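Here is a short tour of strands, sheets and a helix pair. Keep the sequence and the 3D view side by side while reading.

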Amino acid sequence: MSKSKRSFQFPAYHHRRRKRWAHRKEGRLVVPCLFGVVVIIGLVLTIVGQLLGVILLSSTFEDERTASSSSSSDDRAAAAQSFLQLRRRQNHDRKHPLAPISYGRRQLSSKRTPFQLPAYPMNHRRNHQNESPEVLQGGVGLSNKAITACNHALWRTLETTTLVLPNNETFVFTGDIYDLWLRDSAAQIHPLLLPRVYKNGNDYGSLVQSDPRLERIVSGLILKTARYIRYDPYANAFRQKDDHEFNTFERDVLGRFGFISTWNYELDSGCYFIRMVYYFYCSFPSHPIFLEKEVKEAVMIMVDVWIAEQRHEDDQFPEGHLFDCYHCANDMPYRYNPEELTRDGKGSPTNSSSGLTWSGFRPSDDPCTYGYLIPANMFVVVVLGYVMELCETIWNDSDLKEKANKLREEIHYGIQQHGIVEHPTHGRIYAYEVDGLGNSLLMDDANVPNLLSIPYIGYEYDEEVYSNTKKFILSADNPTFHHGEFNRIKIEGLGSTHTTWTGHKNRGGKIPDEIWHMGMLMQGLVSSDANEKIDIVEKVLESSDGKNQMHESFNANNPSEYSREWFCWADSLFAELVISLSDECPEKSFTYEYMMSNLFSKKY
């Protein structure tokens with residue numbers, strides 16, 4: 001399909017009406033004069049006087065009509081354009097449910113928005129964006145292996161885990177687990193949405209702006225995710241089909257049924273969805289996907305869930321016509337497996353007046369020790385800012401905007417009051433989890449959002465507190481921080497409480513001295529030092545057991561012992577880090593067209 005710019009055109013009947021009106025304006029009363037020599041002068045003067053009066057009256061009316069319409073003409077044209085785009089999308093999709101469609105010129109919105117994108121990862125690319133390109137110390141640069149690995153990691157999600165479905169949907173599974181995690185899927189396609197990283201003609205933009213097929217993939221994932229959230233807002237992972245037979249324990253205790261793969265309520269899941277929506281909006285401010293009611297409904301649902309879970313201790317449950325899911329039918333508060341969440345599945349006690357919002361599980365899928373997960377609450381504050389802007393620019397919804405702003409301020413206040421604690425060595429630091437009652441958990445986990453990722457997710461942090469927190473995270477005081485040495489290479493980084501060993505020998509148990517590639521990559525993504533970032537990239541590749549692709553975790557002293565060889569979330573973070581360092585990634589190789597053709601040719 002053509003990518004040429006499409007300008008708005010009135011329907012045909014409007015052209016006919018405009019033509020008739022033009023003929024009226026252009027008409028002129030011609031007074032025959034061939035026989036006028038005998039016409040009485042008085043009668044001529046009378047007729048001419050009447051004609052002048054009519055002309056003056058018509059001219060006055062026309063000026064008033066033009067003035068009254070000019071102020072709203074742009075708004076009417078914009079509304080008509082959006083309507084016609086949506087109708088064209090619907091007609092196109094009925095005929096070609098898997099085919100991409102172009103929505104005009106692909107460029108970032110030029111207006112300055114009140115909620116800016118995060119400043120990290122910092123841009124160290126040697127291109128037009130840097131007025132004075134940084135010269136790396138000693139001329140050190142990325143290896144060819146790193147560039148090749150970046151382009152491989154960038155496209156790996158599309159090559160191996162993406163299904164382009166009918167009904168304008170896209171399904172993205174994690175890798176070796178064939179289910180869609182709300183968090184993972186949005187993170188996996190995030191490099192496609194990064195602004196100003198790909199040169200398309202004379203302009204630099206996001207990758208998703210460069211190809212209508214990428215646009216179709218991401219908009220399809222937005223729609224699919226929105227429909228899953230509408231299906232059950234407390235679930236964190238979903239199956240493509242609803243034909244799986246769950247046993248009684250899985251249904252009654254773990255909450256799994258239909259499309260729900262796992263029913264672990266994780267606060268960050270909805271955040272990743274809204275971040276994906278907002279970044280897509282930055283590339284396509286007037287895209288028809290924002291007029292799909294499921295998309296806005298999913299955002300509204302998550303806001304209401306977060307408000308209700310501020311009072312989790314009081315057994316609050318979100319109300320309204322949007323909460324009609326299977327688990328919502330009895331208006332019962334969220335409860336999970338008592339073996340994982342204490343107090344019969346409710347979790348440990350929390351302070352409902354803290355302003356913070358509750359989460360049952362961490363981004364690692366492990367249960368929270370204390371219910372207020374600080375980095376996830378920070379992420380909520382960030383994406384609520386995105387919601388406010390979308391309410392103003394797209395949805396014209398002042399009620400939702402006010403609700404989001406109130407919640408945003410309450411959570412931010414709760415973080416300042418309860419999320420900062422005194423450490424005996426490092427001073428004031430951010431806690432990983434708190435209960436608002438005086439208890440806190442001091443640690444960090446490689447899964448994002450974590451405390452290390454605070455600049456990356458875009459939260460407005462206290463610089464001194466974050467600096468102290470980062471020193472704590474990357475020290476022996478953090479129980480998940482590990483280090484080791486192999487092949488004379490010293491390596492260190494964050495691990496996780498989640499790891500089980502499923503490496504190439506399929507041996508179970510905990511990996512000794514385990515480090516997550518994701519933890520190392522985030523250390524690079526929040527660094528302002530290009531040399532540190534390059535060092536991390538090269539060490540990550542050295543620790544990949546010769547695969548040049550990301551694993552979940554590995555033994556710091558023996559990288560051949562690792563978990564999850566096929567883990568695309570980590571691949572995407574690796575690509576994002578390298579993209580911040582080099583112009584040579586992203587690149588569309590000769591296999592790109594084959595990959596895209598294969599994606600859109602499969603039938604599901």
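Two strands count as paired if DSSP finds at least two bridges between them. The model is a predicted one.

**A hairpin**

Begin with strand 9 (residues 420-423) and strand 10 (residues 427-430). They run antiparallel and are joined by four bridges. The link from strand 9 to strand 10 is a hairpin of three residues. His423 has Gly427, in strand 10, as its bridge partner.

Strand 8 pairs with strand 11 (residues 433-434) over two bridges, in the antiparallel sense. Tyr372 stands opposite Val434 of strand 11.

Another open sheet is built from three strands in the order 15-16-17, and here the pairing is antiparallel. Strand 15 (514-516) and strand 17 (558-563) form the edges. Each has a single partner strand, so one side of each is left without a neighbour in the sheet. On average, neighbouring strands of this sheet are turned by 35° against each other, direction ignored. Strand 16 (residues 553-555) is joined to strand 17 by three bridges, and the two run antiparallel. Asn555 has Asn558, in strand 17, as its bridge partner. Helix 14 (residues 517-525) packs on this sheet and touches strand 15 and strand 16. The direction of helix 14 makes about 50° with that of strand 15.

The bridged pairs can be set side by side.

| Strand pair | Sense | Bridges |
|---|---|---|
| Strand 8 and strand 11 | antiparallel | two bridges |
| Strand 9 and strand 10 | antiparallel | four bridges |
| Strand 16 and strand 17 | antiparallel | three bridges |

**A helix pair**

Two packed helices are described by the angle between their axes and the distance between the axes. At what angle do helix 7 and helix 10 pack? Helix 7 (residues 267-283) and helix 10 (residues 374-395) pack at about 40°, with their axes 9 Å apart. That angle makes helix 7 oblique to helix 10. Their crossing is left-handed.

On helix 7, the contact residues include Leu267, Cys271, Ile274 and Tyr278. On helix 10, they include Phe379, Val383, Val387 and Leu390. The residues of this contact between helix 7 and helix 10 divide into 16 nonpolar, two polar and three charged.

Conventions. Residues are numbered from 1 along each chain as its sequence is written. This is a predicted model: local features need pLDDT of at least 70, side-chain atom pairs count only at pLDDT 80 or more; totals for chains, interfaces and linings use all residues. Side-chain values use heavy atoms; hydrogens and water are left out. Axes are lines fitted to C-alpha atoms, for helices over the stretch in contact, and angles run from 0 to 180 degrees between N-to-C directions. Angles under 35 degrees count as roughly parallel, over 145 as roughly antiparallel, 65 to 115 as roughly perpendicular and the rest as oblique. A crossing is left-handed if the near helix is turned anticlockwise from the far one by less than a right angle, and right-handed if clockwise. Contact means heavy atoms within 4.5 Å. Ala, Val, Leu, Ile, Met, Phe, Trp, Tyr, Cys and Pro count as nonpolar, Asp, Glu, Lys and Arg as charged, and the others, Gly among them, as polar.
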